[in-house]
Structures are given as structure tokens and as C-alpha cells.
Amino acid sequence: TAAVNLSCVWHNLEYMACTWHPGENASSDTNYTLFYWFDGLESHKKCSNYSIHQGIFGCVFNLSFPKVTNTYPTISILIRDDSEDIRPVCASKNPTTLVKPATPRQVTLSKVNDEINVKWSESETIPESCLSYEVIYYSGDLDEASPIIVEKNSASIPSIVPNTKYTIKVRAYLKPECYSTKFYSDWSEEASIGENTDSTLHFVLIITIPIIVAVSTIILLVYLKRLKILILPPIPDPREILKRMFGEQNEDSQVSKKL
């Protein structure tokens, strides 16, 4: 009946979100309750922001400390139900292993000569020295992405191809010397710059241009042939003229004999 598969993520050092599955033998009307505490709290606190999605329980509670450091007190989490039929479960979490940085926002792009400059917002709660970023960009309609790793909230993409659309997105991750976590931030919204030349237009041009040239050549040849006839009419064949003359004389002599 106890909750299983407890998982917690500390989002941007601001709030913690925990999820768990109900126990195999827990009834469908089980109402799990999450409590947490750590050194420095006078008493345990109860999480009140619950959710259930596709049978998975979740709860979110604020968790922040006055001073940002690399070490934090261990957090103890208890999940139970008011009913004695539900077995409670308790777990201890090292918060530095659960940190997930915020998604980079306000991604802006600018083109300078043959480079694209990318810039995005910084986290307001995690020290800048603890963050690295992965920038991925797609050129044209290609599915293959090219990654760039930087340690500041800006990057440059060199040697861009003219008349090509570039799509770019960014995510953040934490340096291991600051936090021993493996969580990356979510990808930022994609931002694009530039325009692809229309491949369909290229195809149409490749097909139509030879056809136009061929038709134009035929029309030109016909026109030139007619123009040649007008300028340089064909010279009559003397043999044909003589044949016609003697033929006419023979016909005249035959007519006179009959008369």
C-alpha cells in the first residue's frame, strides 16, 4: 500500500516537485499526503499543491534558502495516508543532486556578416559561474543538428550559408563542481532567422527554362527561314523554264496541225 517510485526535482533552486505511484495494494480512493523537513525548520511542513495525472501522484512545494551555496541540508520526505491501512514511506534526498536549471528564455538572434549571434536570458537564482549551455542549430530543412557548448548566455554561429534558414534552441545544465546533478533544463522555444530559397521554384525553373529555350529556338528558326525566302527568293531552274517553253511550243504546233 505504500507509495513507490518517489522522484523529486528541485527546479532552479526555487521549488521542489515530487511524484510517486500508488502502492500495488492501495485502494483507488487513497489520499496520500506529503510532509518534508530539514535541519533549520522548526517543524515538518505539509505539501498542499497536489495533482494526479494518469494515476501518478504529484505535489509541489516552495524550497529556497537565503544563501545560494553548493551544499544544502538533507531533505526528509514522508508520504502517508490518514488511514492506518496505508503504510507510510520515508526517504532522504540530497537536494544538490536534484537541481534542474530553468529553461533559457528570450532567445534573440541577429545576423552580422557571415555569423549569427545568439543571446538568451540568465537564471536569476543559480550563479552564472555554475551554468553551461548547449546551443543546437539546424540549417535549411536538415534534421541533423550541430551542437555548440558555451559557458555564457551567448554564442556565435560562424560560416553561415546565404539564403538559408537557421533554427536554433538552447538548454542549460549545471557544472559538476557546483552541483552533482544530471538534470538538463528543458529546451527553449525554437527561434529562426533567414529564409530558405524555394526548392520547388528551383525545380520548376530547371524544367521550364530548357523548354522555353527549345521553343524559342524553333520559332526563331522558322522565322529566319521565312525571312530568308523574302530577302533571297529562290532562283528559278533554267531547265525547268526551257521545259515549259518547249512544252508550250509543241502544244501550239499540234493545235495548228489539227486546224
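1. Cysteine 8 is buried, at a relative accessible area of 3%, and cysteine 18 is likewise buried, at 1%. Here buried means under 20% relative accessible area, exposed means over 50%, and partly exposed lies in between (1.4 Å probe, protein chains only). The model is predicted: local features need pLDDT of at least 70, side-chain atom pairs count only at pLDDT 80 or more, and totals for chains, interfaces and linings use all residues. Residues are numbered from 1 along each chain as its sequence is written, and side-chain values use heavy atoms, with hydrogens and water left out.

2. Cysteine 8 and cysteine 18 form a disulfide, with their sulfur atoms 2.1 Å apart; a disulfide is a pair of cysteine sulfur atoms within 2.5 Å. The pair links distant parts of the chain, since cysteine 8 belongs to strand β1 (residues 4-11) and cysteine 18 to strand β2 (residues 15-21), ten residues apart. Strands (E, at least two residues) and helices (H or I, at least four) are DSSP runs, numbered from the N terminus. The torsion about the S-S bond of cysteine 8 and cysteine 18 is about 110°, so this disulfide is right-handed.

3. A disulfide also joins cysteine 47 and cysteine 59, whose sulfur atoms are 1.8 Å apart. Cysteine 47 lies in the loop between β4 (45-46) and β5 (49-53), and cysteine 59 in strand β6 (residues 56-62), so the pair ties together parts twelve residues apart in sequence. The S-S torsion of cysteine 47 and cysteine 59 is about -100°, and the disulfide is therefore left-handed. Both cysteine 47 and cysteine 59 are buried.

4. Cysteine 130 is joined to cysteine 178 by a disulfide, S to S 2.2 Å. Cysteine 130 is in the loop between β11 (115-119) and β12 (131-139), while cysteine 178 is in the loop between β15 (166-174) and β16 (191-193), 48 residues apart. With a torsion of about -80° about the S-S bond of cysteine 130 and cysteine 178, the disulfide is left-handed. Cysteine 130 is buried at 4% relative accessible area, and cysteine 178 counts as buried at 10%.

5. The count comes to three disulfides. With the bonded cysteines numbered in sequence order, the pairing is 1-2, 3-4, 5-6. Cysteine 90 is partly exposed, with a relative accessible area of 48%.
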